[in-house]
Every structure is written in C-alpha cells, then in structure tokens.
Amino acid sequence: MDRQQMIEALMSYRDDKPKAFWETMDDDMLEMAISAEKERARNEMIDYLATA
C-alpha cells in the first residue's frame with residue numbers, strides 16, 4: 001500500500017480527522033494508525049456479535 005492509499009484508508013476509518021492531519025505523519029505512523037483502526041473495528045465487531 002502506498003502512502004496515498006494509507007491516507008485514504010485512514011480517512012475512511014476516521015472521518016473526524018482532515019487529510020492534512022494524516023499527511024503530517026510518516027509512513028510508519030500511518031501503518032501503526034491503520035493497525036490500530038483495524039484492531040478497534042475488530043473489537044467493535046466482536047462486542048456487537050457477543051451482544052446480538
């Protein structure tokens with residue numbers, strides 16, 4: 001995934017942050033943010049399924 005794709009992915013996860021916010025991060029920070037958002041989404045789905 002290139003830098004622009006990482007920024008677009010994060011913008012789809014977090015619509016509360018502007019593109020300029022993500023553009024200030026280096027590639028490693030972007031990758032960590034994507035991992036954190038994936039984990040958060042995974043945990044939300046687990047919680048949802050546990051209470052459904």
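Predicted model: local features only at pLDDT ≥ 70, side-chain atom pairs only at ≥ 80, totals over all residues.

Analyst: Residues are numbered from 1 along each chain as its sequence is written, and side-chain values use heavy atoms, with hydrogens and water left out.

User: How far apart are the end C-alpha atoms of helix α3?

Analyst: Helices here are DSSP runs (H or I, at least four residues), numbered from the N terminus. The expected span is 1.5 Å times one less than the number of residues. For the 25 residues of α3 (residues 27–51) that gives 36 Å, and the end C-alpha atoms agree, since they sit apart by 36 Å.

User: Is Glu 37 buried or exposed?

Analyst: Buried is under 20% relative accessible area, exposed is over 50%, and partly exposed is in between (1.4 Å probe, protein chains only). Glu 37 lies in α3, and its relative accessibility is 8%, so Glu 37 counts as buried.

User: Which residues does Glu 37 touch, leaving out those up to four places away in sequence?

Analyst: Contact means heavy atoms within 4.5 Å. With residues up to four places away set aside, the ones Glu 37 touches are Leu 10, Tyr 13 and Arg 14.

User: What is the distance between the closest N and O atoms of Arg 14 and Glu 37?

Analyst: These two form a salt bridge, meaning a side-chain nitrogen of Lys or Arg within 4 Å of a carboxyl oxygen of Asp or Glu. Arg 14 sits in the loop between α1 and α2 and Glu 37 in α3, so the pair links distant parts of the chain, 23 residues apart. Their closest N and O atoms are separated by 3.3 Å.

User: Which residues are linked in a network of salt bridges?

Analyst: Side chains of opposite charge can pair when their charged atoms come close. The count for this model comes to six salt bridges. The network joins Arg 14, Asp 16, Glu 37, Arg 40 and Glu 44.

User: What is the N to O distance for Glu 39 and Arg 42?

Analyst: Both are in α3, and because they are three residues apart, about one helical turn separates them. Glu 39 is partly exposed at 40%, and Arg 42 is partly exposed at 48%. Their salt bridge has its closest N and O atoms apart by 3.6 Å.

Technical notes:
Helix = DSSP H or I, 4+ residues; strand = E, 2+ residues; numbered from the N terminus.
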